[in-house]
Amino acid sequence: MHLKSTRRLAIPAALLIILFAALVNGCAAAGQPDAQASPSAGISIVPTEPVWTFPLSKDIMADAESFLTLANADNRLSDKDKPDDLVNITVRKSKDSAIQLRRPVSAALKEMFAAADADGVKLYAHSGYRSYHTQDVMHYNRVKDIGYDDKVVQQAGASDHQTGMGIDIISASWIGSRLTARFAETKEGQWIAAHCAEYGFIIRYPEGKEDITKIIFEPWHLRYVGVEAARYITDNALTLEEFWDQWNGYQDGSWAPDGERDTQSVDAVSGTPTVIVEDVLEIVDIF
Ligand SMILES: [Zn+2]
């Protein structure tokens, strides 16, 4: 009797313990997410990079030295600066001699010429990569011819053509003629101005920016910078000089893309501008 009654009591007690244990586990499990989401659980602060607000993507700017190379009188390239991916271009040319450009630029040019052809616009490539040495000889000849440096021909290292991304494009009627700003009024000049950015090109020496580029308006001189940069530069009517001014300003905190900063500050750098003609002498067959 005594043993029996003990056994009867022991079974419900064991059940109670199991039920209680299950209840406690259940509550604990259900409570876990709440405990994690609670602010009092502790917030780990992970250091983050500053928000990227520059108008061009980070990837583009990480490679800025490659496709956005600035060559001018204040940023001269050296005689060692020669692109290692130069190729002979395959598009229609204004002369028989080979014209070289960097490989990606040549590919973009081919696309642009095909699009122009489709629109009934016949473009001719006229002058591409120019070495430091070629520019040096051009400058030397100019000084020799007139007896002093009239600053009409770029000094070696200052030409956009040395980047392997500068290209002069003309139409049939301008072959053999001296290039002038009137090219902008032609069908070909207007097509280039309207469409070149779609293929990654900008008009390197635009009208009205002579005081910044120090070069006359050259509607035939295109410069490859990549599609994203070309669209930004064109849409905002910038020069490559002004673009670099923005980028340098962004990096040191003096420029932000909110329109409040003075993007024209580069104007104030120099006094009387010396406007020169980059392509006045097309002496390309110099060698
Ligand atoms: Zn040119």
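Which residue just after helix 8 takes a positive phi? That is alanine 237, at about 50°. I will come back to helix 8 in a moment. Bear in mind throughout that this is a predicted model.

First, the overall layout. The chain has nine helices and six strands. It runs to 287 residues, and 32% of them count as buried. If you take the contacts with a separation of 6 or more, 70% are between residues 24 or more positions apart.

Four strands form an open sheet in the order 3-4-6-5, and the pairing is antiparallel. At the edges sit strand 3, residues 124-127, and strand 5, each of which pairs on one side only. On average, neighbouring strands here are turned by 40° against each other, ignoring direction.

Let me stay with strand 5, residues 201-203. Its antiparallel partner is strand 6, residues 221-224, and three bridges join the two. Within that pairing, isoleucine 202 stands opposite arginine 223 of strand 6. Leaving out residues up to four places away in sequence, isoleucine 202 touches Cys196, Ala197, Leu222, Arg223, Val225, Ala230, Ile233 and Thr234.

Two of those residues, Ala230 and Ile233, take us back to helix 8, which spans residues 227-235. Which residues of helix 8 are buried? They are Ala229, Ala230, Tyr232 and Ile233. These four lie on the same side of helix 8, because they cover an arc of only 165° around the axis. As for what covers them, the list includes helix 2, at 58-62, strand 5, and helix 9, at 240-252.

In soluble globular proteins, nonpolar side chains tend to be buried together. Here the largest nonpolar core has 43 residues, and the members touching the most others are Leu109, Cys196, Phe201 and Ile202. So which elements give two or more residues to this core? The helices are helix 4 (103-118), helix 6 (187-195), helix 8 and helix 9. The strands are strand 4 (166-170), strand 5 and strand 6. Helix 4 supplies the largest share, six residues.

There is also a second, separate core of five residues, and its members include Ala71, Leu77, Tyr132 and Ala158.

To close, one residue ties several of these points together.

Methods. Residues are numbered from 1 along each chain as its sequence is written. This is a predicted model: local features need pLDDT of at least 70, side-chain atom pairs count only at pLDDT 80 or more; totals for chains, interfaces and linings use all residues. A residue is buried if 20 or more other C-beta atoms lie within 10 Å of its own, exposed if 12 or fewer, and partly exposed in between; C-beta atoms are placed from the backbone. Two residues are in contact if their C-beta atoms, placed from the backbone, lie within 7 Å. The arc is that of the directions from the helix axis to the C-beta atoms. Two strands pair if DSSP finds at least two bridges between them. Axes are lines fitted to C-alpha atoms, for helices over the stretch in contact, and angles run from 0 to 180 degrees between N-to-C directions. A nonpolar core is a set of buried Ala, Val, Leu, Ile, Met, Phe, Trp, Tyr and Cys residues joined through C-beta atoms within 7 Å.
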